Amino acid sequence: IALDHPTEGFAVASATGYLESLNGLARDEKREDCYGTMARELPRLVELYCAGEKAKKEPEACARFDAIGADLERLSAQDSVRKADQTKGPRAQPLYETAARTYVEAFRRRCEASNGKAPAGVHCDELAYNGAHAYRAAGLAPQAIDALRRLVSYDRLGTTDGRTGGPSPLAQKAFRELGGIYQSLTQYELAAEQYEQYVRLYPSAAEAPDLLAEALLWRLGLGEAERASNDASLFLKDYGASKPARAVEMYLAVASYHERREDWARVAATLASVAPLVERAPLDLYVRAKVLVAHAHAEGSPANRRLASTENSAVIARWGKGDTATKSIEAAWPSEDEGMRMRRLGRALTAVGEAMFASAEARRLAEVETLKPPTYAGTANEAAIRTYVDTRVKEWTSKKLSLIHISEPTRPY
């Protein structure tokens with residue numbers, strides 16, 4: 001009736017019933033060949049009932065036909081992916097590519113062409129997202145990037161998810177995964193930019209702090225110190241209260257970048273931004289930050305060099321005994337593995353060693369080097385000279401040796 005008598009009053013209902021019957025056989029009786037029948041017959045039904053002006057007469061049926069067409073395309077793509085998963089190896093690549101093209105072409109035709117109005121029953125976000133993943137499985141990263149970017153752009157219209165009519169969680173995942181693809185392709189600038197945008201769009205996402213920290217490292221690696229500083233500032237604003245130690249680590253990374261370039265003013269300015277957090281930071285971060293500040297001061301004016309001595313003394317006092325300090329660092333990072341804690345301890349020991357050496361050197365210059373040898377003003381008489389050596393020179397030597405011993409740095413462990 002549906003195919004041979006389209007003008008009958010119940011023809012449209014028959015067409016819908018025909019498709020639903022085929023779908024039921026395929027779904028419930030596992031007659032997957034019925035999907036093929038539906039794919040062959042659906043274009044004829046669309047031509048009979050929805051071509052041109054006919055669509056206005058049967059809008060509900062035509063919308064239903066469109067949704068069925070989208071499902072058939074989706075099922076065809078899923079079948080290609082399933083076969084590819086079972087095949088594996090080089091022969092799987094064309095199957096993944098076929099599935100990807102099916103997904104993405106359906107997204108373009110049914111979703112992008114609708115100007116943001118998702119057709120009823122068509123899950124646009126799934127079409128684009130699954131297409132991107134099929135392209136990735138086929139080893140076609142550029143096409144995967146294009147599909148994900150299309151989904152992200154479409155999502156900004158606010159109607160990608162046909163089930164809810166609102167922004168799609170898959171579009172959010174697509175936005176994040178774009179950064180991962182750029183990173184895998186060593187396009188670090190694009191990866192950093194993608195992660196930064198993600199954090200601004202989804203600041204409450206669980207992975208947002210980690211992605212922002214990742215972006216900061218890429219910026220530093222690219223030599224983009226200003227943009228790295230912006231990332232650190234954004235982290236401090238959004239997550240400083242809940243993740244203060246992580247904020248200090250990010251500022252330390254920026255300050256260390258400036259230290260390697262001997263830009264001491266920027267080192268001091270960077271760490272001044274988180275000075276209150278440094279005071280409350282875990283011991284390893286505290287000593288590293290303080291020693292960096294001391295180093296920056298030591299390279300400055302005489303007044304600043306006095307501040308360096310103060311910072312180094314604070315580090316030595318806070319460090320205390322090596323065993324206690326080690327336990328403090330372990331307790332501050334309970335979720336990290338032994339290797340990471342050892343790296344933290346190593347960096348902290350290096351910083352404390354620098355502070356001890358700098359303090360000892362400052363004391364040597366102030367006390368040892370200023371202790372000048374006594375001047376002999378007597379006559380060229382052997383007895384007088386011997387008396388001078390046995391008394392004043394011996395006294396001076398003893399005092400200087402004592403000061404040298406006192407000023408030598410001790411071990412931080």
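Phe-175, Tyr-198 and Tyr-202 form one aromatic cluster in this predicted model. Rings of Phe, Tyr and Trp (its six-membered ring) are paired if their centres lie within 6.5 Å, with planes under 30 degrees apart counted as stacked, over 60 as edge-to-face and the rest as tilted. The chain has 19 helices and zero strands; helices (H or I, at least four residues) and strands (E, at least two) are DSSP runs, numbered from the N terminus. Because the model is predicted, local features need pLDDT of at least 70 and side-chain atom pairs count only at pLDDT 80 or more, while totals for chains, interfaces and linings use all residues. Residues are numbered from 1 along each chain as its sequence is written, and side-chain values use heavy atoms, with hydrogens and water left out.

**Aromatic and charge–ring contacts**

- Seven aromatic pairs are found in a search of the whole structure.
- One of these joins Phe-175 and Tyr-202 edge-to-face, at 6.4 Å centre to centre and with 75° between the planes.
- Phe-175 belongs to helix α8 (residues 169-184) and Tyr-202 to the loop between α9 (188-201) and α10 (208-221), so this pair ties together parts that are 27 residues apart in sequence.
- Phe-175 is buried, at a relative accessible area of 2%; buried means under 20% relative accessible area, exposed over 50% and partly exposed in between (1.4 Å probe, protein chains only).
- The charged end of Arg-344 sits over the ring of Trp-333, 3.5 Å from its centre; the criterion is NZ of Lys or CZ of Arg within 6 Å of the ring centre and within 35 degrees of the ring normal.
- The charged end of Arg-318 sits over the ring of Tyr-286, 4.1 Å from its centre.

- Arg-318 is located in helix α16 (residues 302-319) and is partly exposed, with a relative accessible area of 35%.
- Not counting residues up to four places away in sequence, Arg-318 touches Glu-279, Ala-281, Leu-283 and Tyr-286, where contact means heavy atoms within 4.5 Å.
- Between Arg-318 and Leu-283, the C-alpha to C-alpha distance is 7.9 Å, and the two are 35 residues apart in sequence.
- Asp-231, in helix α11 (residues 225-239), is buried, with a relative accessible area of 1%.
- Beyond residues up to four places away in sequence, Asp-231 touches Glu-196, Leu-212, Ala-215, Leu-216, Arg-219 and Met-250.
- The C-alpha atoms of Asp-231 and Leu-217 are separated by 9.6 Å, with the residues 14 apart along the chain.

**Nonpolar cores and packing**

- Of the 413 residues of the chain, 39% count as buried.
- The largest nonpolar core has 92 residues, and those with the most contacts inside it are Val-287 and Trp-319; such a core is a set of buried Ala, Val, Leu, Ile, Met, Phe, Trp, Tyr and Cys residues joined through side-chain atoms within 4.5 Å.
- Val-287 touches Val-315, Trp-319, Ala-348, Ala-351 and Val-352, not counting residues up to four places away in sequence.
- A second, separate core of 13 residues includes Ala-11, Tyr-49, Cys-50 and Phe-65.
- Among contacts in the chain with a separation of 6 or more, 57% are between residues 24 or more positions apart.

**Pocket and cavities**

- The largest pocket has a volume of about 480 Å³; on a 1 Å grid over the protein atoms alone, a pocket is an open set of points with protein on both sides within 12 Å along at least five of seven lines, whereas a cavity is a set where a 1.4 Å probe fits but cannot get out, and lining residues have an atom within 4 Å of a point.
- Grid points are joined across faces, edges and corners, and a volume is the space filled by probe spheres set on the points.
- The lining of the largest pocket comprises 20 residues, of which Leu-217, Arg-246, Glu-249, Met-250 and Ala-253 lie nearest its centre.
- Elements giving two or more residues to the lining of the largest pocket are α10, α12 (244-260) and α18, and the largest share, eight residues, comes from α12.
- The structure holds two cavities of 30 Å³ or more, and the second largest cavity contains about 40 Å³ of space.
- Thr-326, Ile-329, Glu-330, Arg-341, Met-342 and Leu-345 line the second largest cavity, with α17 (322-332) and α18 (338-368) each supplying at least two residues of that lining.

**Positive phi values**

- Thr-186, in the loop between α8 and α9, has a phi near 60°, a positive value in a residue other than glycine, and is exposed, with a relative accessible area of 53%.
- Glu-262, in the loop between α12 and α13 (264-272), has a phi near 55°, a positive value in a residue other than glycine, and is exposed, with a relative accessible area of 58%.
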